Amino acid sequence: MIESPRLPHPLDMDALHEECGVFGVFGHIDAAALAALGLHALQHRGQEAAGIVTYDGKQFYSHRAAGHVGDIFSSPALMDHLPGLVAIGHNRYSTTGETALRNIQPLFADYESGGFALSHNGNLTNATILRRELVRRGCLFQSTTDTEVIIHLIAISEQVNTVDRLIEALRRVVGAYSLVAMTNDRMIGVRDQMGIRPLVIGMLDGAYVLASETCALDIIGADFLRDVAPGEVVVIDADGLTSLKPFAPVAPRLCVFEYIYFARPDSVVDGSSVYEARKRIGVELARESHVDADVVIPVPDSGVPSAMGYSRETGLPYELGIIRNHYVGRTFIEPSDHIRHLGVKLKHNASRAVIEGKRVILVDDSIVRGTTSVKIIEMMRAAGAKEVHLRISSPPTINSCYYGVDTPERTELLAANRTIEEMRAFIGADSLAYVSIDGLYRAMGHGSRNSAQPQYCDACFTGEYPVALADRDGGEATPQLSFLSSFG
Ligand code: SF4
């Protein structure tokens, strides 16, 4: 059954969401099938919609739909209609409004030079300003995504070849972007100057692969070659891979939340294992805020490695005291308000045998609005926990993200509006502590955060946005990508 794309799952509303996953393969007989598998491995980066565009040497083929990758690309007949040796794909998480077909990527345009398909992970922070300018110049937008701005900037470029046109377009945009694009004869990967979102290069049977994360290389058996460097443009054609560095170099600022929550734990992002990073954050968390207790329990799934690190550091036993039901379908609960109140219990259940009579340290990755934490702590108490101490493997999330992660407005972020003690009282824990920002940086292998030149983007914790927020500062539109509200 294809799940409704229109409403966020009530149980997922108190969580941060990655915007998108991108994938591409150049020069493989099974290009479309590999793209579907790659997108499947990147499903965590976007669950609302997915699409694949292929090229068979004569024409482009496209299929885009709302739903999960496994539902959309399960039919052999459909895959037969995506022929060719080149394919790019995209997973989308839509932030507001509908997941209209017109917004599902890859976007496609026919230029004088031929077809062009584009997949984007990230968010452009001057897209509204650019869009107004382009509309005034006569550009007719087909979607409401920020990504389409790039399509039109390419169209009006005076450069001759498509790569130069794309580079010229990217000189105008500001924000976070990892792009995978394809033309009649090449595949192109680009990472923004700071490398805020990840992008890796792999190789399978002599074919180049581009993907948001290494887990998408693993699923197809591709070898990891390297990360696309911040500000790098890689052009892949029949002659191989050419690396271009057309932008002035700046210090990289990968999104540190990739390590805390977004990326899959089996991925390696910019040379660091996500799983090991999460364990080290748990170690720092234990060093900074340990409290006497009997057992360490993770909130599944992303709290698991940090809880393991916490347990190892303190010597307290690590137990799976919360069991996650992976088979909760959103259509199952949407129609009925009277079962909606069951809330978190549908997704998580506390194991009384592990919890009863114990002083519990609960490890989670973040608190957004706090509603999930309230329910989980209630659940722990109902299962007989004597004490519940909540430990969070990120600093307090006090700012919205404008670089491609769906975060609520600041007014809705619990930590932006309450002290730690007020939050503790709100969620009903016996104690609450977060890893410090320096603890996070230590876990990432740095002595501390370099306040003059932070090593990562950490704006949702610090408010120091590394890339200008032109739309927001100019009073334009909403932080994330929907233009539905501003352009109708
Ligand atoms: S603001 Fe936060 S979530 Fe957004 S890119 Fe920066 S670190 Fe990542």
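Colleague: Before we start, what are the ground rules for pLDDT and numbering?

Modeller: Residues are numbered from 1 along each chain as its sequence is written, and side-chain values use heavy atoms, with hydrogens and water left out. Since you asked about the predicted model, local features need pLDDT of at least 70, totals for chains, interfaces and linings use all residues, and side-chain atom pairs count only at pLDDT 80 or more.

Colleague: How do the residues around the ligand divide by class?

Modeller: A residue belongs there if one of its heavy atoms lies within 4 Å of the molecule. The closest ones are Arg 197, Cys 255, Cys 401, Cys 457 and Cys 460. Ala, Val, Leu, Ile, Met, Phe, Trp, Tyr, Cys and Pro count as nonpolar, Asp, Glu, Lys and Arg as charged, and the others, Gly among them, as polar. The shell then splits into 11 nonpolar, no polar and 2 charged.

Colleague: Which helices each supply at least two residues of that shell?

Modeller: Helices here are DSSP runs (H or I, at least four residues; strands are E, at least two), numbered from the N terminus. The two that qualify are H8 (257–262) and H18 (459–462).

Colleague: Is H4 parallel or oblique to H5?

Modeller: Axes are lines fitted to C-alpha atoms, for helices over the stretch in contact, with angles from 0 to 180 degrees between N-to-C directions. H4 (residues 127–136) and H5 (residues 148–156) pack at about 45°, with axes 10 Å apart. Under 35 degrees is roughly parallel, over 145 roughly antiparallel, 65 to 115 roughly perpendicular and the rest oblique, so H4 to H5 is oblique.

Colleague: Which residues of H6 does H5 touch?

Modeller: The axes of H5 and H6 (residues 162–172) come within 8 Å and cross at roughly 125°. Contact means heavy atoms within 4.5 Å. From H5 come Ile 150, Leu 153, Ile 154 and Ala 155, and they meet Arg 165, Leu 166, Ala 169, Leu 170 and Arg 172 of H6.

Colleague: How many residues apart are Arg 359 and Asp 294?

Modeller: Their side chains meet in a salt bridge (2.9 Å, N to O), meaning a side-chain nitrogen of Lys or Arg within 4 Å of a carboxyl oxygen of Asp or Glu. Arg 359 sits in strand E20 (residues 359–364), while Asp 294 is in the loop between helix H9 (274–289) and strand E17 (295–298), and the pair is 65 residues apart.
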